[in-house]
Amino acid sequence: MASQSNGPSKTTPLNFLIYGKTGWIGGLLGKLCQSQSINYSYASGRLESRDSLIADINAVKPTHVFNAAGLTGRPNVDWCESHKVETIRANVVGTLTLADVCRENGLVLVNFATGCIFEYDSGHPIGSGVGFKEEDTPNFVGSFYSKTKAMVEDLLKNYENVCTLRVRMPISSDLTNPRNFITKITRYEKVVDIPNSMTVLDELLPISIEMAKRNLTGIYNFTNPGCISHNQILEMYRDYIDPKFTWKNFNLEEQAKVIIAPRSNNELDTTKLKTEFPELLSIKDSLIKYVFEPNRKTPKTA
């Protein structure tokens, strides 16, 4: 659903209210607004406190609201397995409350969600190029984190003011950030090698701002087109950043021994996003343009 009737008219100056000031995506959004001279404020309210959300909106009078808050767990989603109530409070109760308050105020909510709610199956085999579409029912409930995200996405479908962006394995040009998927896997003792859909934030976060300007709503698979595997990324890291870099692989059975909750592996179909933004680069091209070339430490070969 892409509605032009939601939100403010084009003549109203943009004024964004952002939840998730201390988070990675929330921080990057603020910097993007600054660079584009868009008025923005970070929210002070807690997602699960309706009164504080109403106070935020009354104080800021935003044209759009962005939700980049929520719990992924520290150091990873395994945390959510032993903190289920806290996870529900932030990821389900909080997100729904914000969507509801925004709807009451006639505001579009751009909600950063996750695509880690699917796993390869017989209809979507690894390497087939057949990705999960926006309307597909989530089939991955291996982790409690993913379970809450699938739950809230299903409920948010009923809110015509919400734009849900399914992010996966986010990557940015900041290779020092511990949340960066590339940084994570370069620090692991061993990695699995499975092709996945991924999100290059340097390319896609500006698109999220454009989506708000267009008042787009509904669900979008918010990844770069195509898939890339762990080994392919680490090969690029070696070729562009550190020629001496080495790594070891292990399989899913071996990985299962060192994690509490299984992890999602999938390919998402990006036809809907690519139709709206035809300039969107494939995952490999986006990684080269936005991440590896700007960080290149090795000499270019002829």
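This note sets out numbered points on the aromatic pairs, nonpolar cores, cysteines and selected helices of a predicted model.

1. Aromatic pairs. The structure contains seven aromatic pairs. In one of them, Phe112 and Phe222, the ring centres are 6.4 Å apart and the planes meet at 70°, so the arrangement is edge-to-face. Phe112 belongs to strand β4 (residues 108-114), while Phe222 lies in the loop between β6 (218-221) and α8 (230-240); the pair therefore ties together parts that are 110 residues apart in sequence. Both Phe112 and Phe222 are buried.

2. A stacked pair. Phe118 and Phe132 also form an aromatic pair, and this one is stacked, with 4.6 Å from centre to centre and 20° between the planes. Phe118 and Phe132 are each placed in the loop between β4 and α5 (144-156), 14 residues apart. Phe118 is buried, as is Phe132.

3. Other ring arrangements. One aromatic cluster is formed by Tyr237, Phe245 and Trp247. Elsewhere, the ring of Tyr220 has the charged end of Lys272 sitting over it, 4.3 Å from the ring centre.

4. The largest nonpolar core. This core has 29 residues, of which Phe66, Phe112, Met211, Phe222 and Leu273 touch the most other members. The edge-to-face partners of point 1 are thus among these residues. At least two core residues come from each of β1 (15-19), α1 (24-35), β4, β5 (162-167) and α7 (201-213). The greatest contribution is that of α7, with seven residues.

5. Surroundings of Leu273. Apart from neighbours within four places in sequence, Leu273 is in contact with Leu204, Ile207, Met211, Tyr220, Asn221, Phe222, Thr223 and Leu280. Two of the residues named for the largest core, Met211 and Phe222, are included in these contacts.

6. A second core. A separate core of 21 residues includes Ile185, Ile241, Ile283 and Val291. With a relative accessibility of 0%, Leu234 counts as buried. Phe245 and Trp247 are members of the aromatic cluster in point 3. By contrast, the C-alpha atoms of Leu234 and Gly142, 92 residues apart along the chain, are separated by 26 Å.

7. Cysteines. A search of the whole structure returns zero disulfides. Cys116 is in no disulfide, and the nearest cysteine sulfur, that of Cys80, is 12 Å away. Cys116 has a relative accessible area of 18% and is therefore buried, the cut-off being under 20%. Cys163 is likewise in no disulfide; for this residue the nearest cysteine sulfur belongs to Cys102, 12 Å away. Cys163 is buried, with a relative accessible area of 0%.

8. Helix α5. This helix comprises 13 residues and spans 18 Å from its first C-alpha to its last, close to the 18 Å expected at 1.5 Å a residue. The buried residues in α5 are Phe144, Tyr145, Ser146, Thr148, Lys149, Ala150, Val152, Glu153 and Leu156. The buried residues of α5 pack against α3 (78-81), α4 (84-104), β4, β5 and β6.

Technical notes: Residues numbered from 1 in each chain as written. Predicted model: local features only at pLDDT ≥ 70, side-chain atom pairs only at ≥ 80, totals over all residues. Heavy atoms only, no water. Phe/Tyr/Trp six-rings, centres within 6.5 Å; stacked < 30°, edge-to-face > 60°. Helix = DSSP H or I, 4+ residues; strand = E, 2+ residues; numbered from the N terminus. Buried < 20%, exposed > 50% of the residue type's maximum accessible area, 1.4 Å probe, protein only. Lys NZ or Arg CZ within 6 Å of the ring centre and 35° of its normal. Core = buried A, V, L, I, M, F, W, Y, C linked by side-chain atoms within 4.5 Å. Contact = heavy atoms within 4.5 Å. Disulfide = S-S within 2.5 Å. Expected span 1.5 Å × (residues − 1).
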